[in-house]
Amino acid sequence: CMEPMISEGKYIYNAFMLSEESLALMGNDFALFYCDVVDAVLDYRSEVPCPERRYAELLGSIIYYDFPLFNACAEPFEFLKHYDGESDTLHIVYRYSEEDHRALLTEFLLAGDSLLSAVTPDMSDTEKAKTIYHALCTRMVYDSSALEDPERKDSYYAYLYNSGVCVTFANVYNQLLTQVGIKTTLATCEYDATMGHVWSVATLDGKDYFCDPTFELS
């Protein structure tokens with residue numbers, strides 16, 4: 001389930017995709033569990049078996065970087081609140097009714113497809129990265145209010161509302177590159193205790209490049 005999806009020569013957003021970085025960190029067994037979590041969200045199921053405690057402990061971070069649809073649809077996952085160690089079960093608390101949930105899924109996936117719509121499998125990695133970069137940057141608006149409201153920094157705001165801040169855009173850019181099979185990671189810096197910046201690092205045709213979607217907005 002973690003292969004790029006292609007239909008009629010174009011990439012289709014695949015909610016099951018896990019970044020190469022996360023997969024290397026967590027391993028193939030975690031990937032199977034992760035697919036179960038994604039499948040549960042798509043199917044509006046509220047419980048998922050969790051074979052290892054450490055999977056639950058780290059799931060919140062993996063969701064944040066790789067699965068923006070989760071926080072769009074459900075209460076952000078917290079290990080102590082949503083994991084039952086006695087039954088090794090995760091509990092998902094949805095934000096919306098099932099009908100509204102499915103409508104949001106459709107909206108989100110269509111947005112993902114739109115951001116990938118100009119990318120084709122025959123492109124080089126560099127061409128794919130540039131195409132996605134410009135598709136993302138030309139529709140995003142920097143939302144200064146997100147600096148006071150942490151939820152508005154979440155990746156799903158870019159998909160659903162075309163807004164965010166640097167960490168939003170860097171995460172979404174990495175997620176979209178993952179969709180087409182490109183390896184990514186994040187770069188961060190702090191100016192002082194209250195200010196910082198986040199951007200992307202992508203491996204394109206064998207070389208690593210800094211890519212900063214926030215810079216392009218201006």
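Reader: Which hand does the crossing of helix 7 and helix 9 have, left or right?
Author: This is a predicted model, and the pair involves residues 125-137 for helix 7 and 166-179 for helix 9. Where these two helices cross, the hand is right-handed.

Reader: How do helix 7 and helix 9 stand to each other?
Author: Two packed helices get described by the angle between their axes and the distance between those axes. For helix 7 and helix 9 the axes are 10 Å apart, and the angle is about 140 degrees. Roughly antiparallel would need an angle over 145 degrees, and roughly perpendicular stops at 115. Helix 7 and helix 9 are therefore oblique.

Reader: How many charged residues are in the contact of helix 7 with helix 9?
Author: Helix 7 brings Ala129, Lys130, Ile132, Tyr133 and Leu136, while helix 9 brings Phe169, Val172, Tyr173, Leu176 and Leu177. Sorted by class, that contact has nine nonpolar residues and no polar ones. The charged count is one.

Reader: What about helix 2 and helix 3, how do they stand to each other?
Author: Helix 2 runs over residues 28-43 and helix 3 over residues 53-66, with axes 12 Å apart. They pack at an angle of about 70 degrees. The range from 65 to 115 degrees counts as roughly perpendicular, so helix 2 is, relative to helix 3, roughly perpendicular.

Reader: And how many nonpolar residues does the contact of helix 2 with helix 3 have?
Author: The crossing here is right-handed. On the helix 2 side you'll find Asp29, Phe30, Phe33, Tyr34 and Val37, facing Tyr55, Leu59, Ile62 and Asp66 of helix 3. Two of the contact residues are charged and none is polar, and the nonpolar number is seven.

Reader: Switching to strands: which ones stand at the edges of the open sheet of three strands?
Author: The sheet has the order 8-9-10 with antiparallel pairing, and its neighbouring strands are turned by 30 degrees against each other on average, ignoring direction.

Reader: In strand 9, which residue is the bridge partner of cysteine 189?
Author: Strand 8 and strand 9 (residues 196-204) run antiparallel and are joined by seven bridges. Within that pairing, cysteine 189 has as its partner histidine 197.

Reader: Which residue in the hairpin of strand 9 and strand 10 takes a positive phi?
Author: Two residues lie between these strands. The positive phi, near 50 degrees, belongs to aspartate 205.

Reader: How far apart are the C-alpha atoms of glycine 85 and aspartate 192?
Author: Glycine 85 is in the loop between strand 4 (83-84) and strand 5 (89-91), and at 40% relative accessibility it counts as partly exposed. Along the chain, 107 residues set glycine 85 and aspartate 192 apart, and their C-alpha separation is 39 Å.

Key:
Residues numbered from 1 in each chain as written. Predicted model: local features only at pLDDT ≥ 70, side-chain atom pairs only at ≥ 80, totals over all residues. Heavy atoms only, no water. Pairing = 2+ DSSP bridges. Helix = DSSP H or I, 4+ residues; strand = E, 2+ residues; numbered from the N terminus. Axes fitted to C-alpha atoms, helices over the stretch in contact; angles between N-to-C directions. Parallel < 35°, antiparallel > 145°, perpendicular 65-115°, else oblique. Left-handed = near helix turned anticlockwise from the far one by under 90°. Contact = heavy atoms within 4.5 Å. Nonpolar A, V, L, I, M, F, W, Y, C, P; charged D, E, K, R; others polar. Buried < 20%, exposed > 50% of the residue type's maximum accessible area, 1.4 Å probe, protein only.
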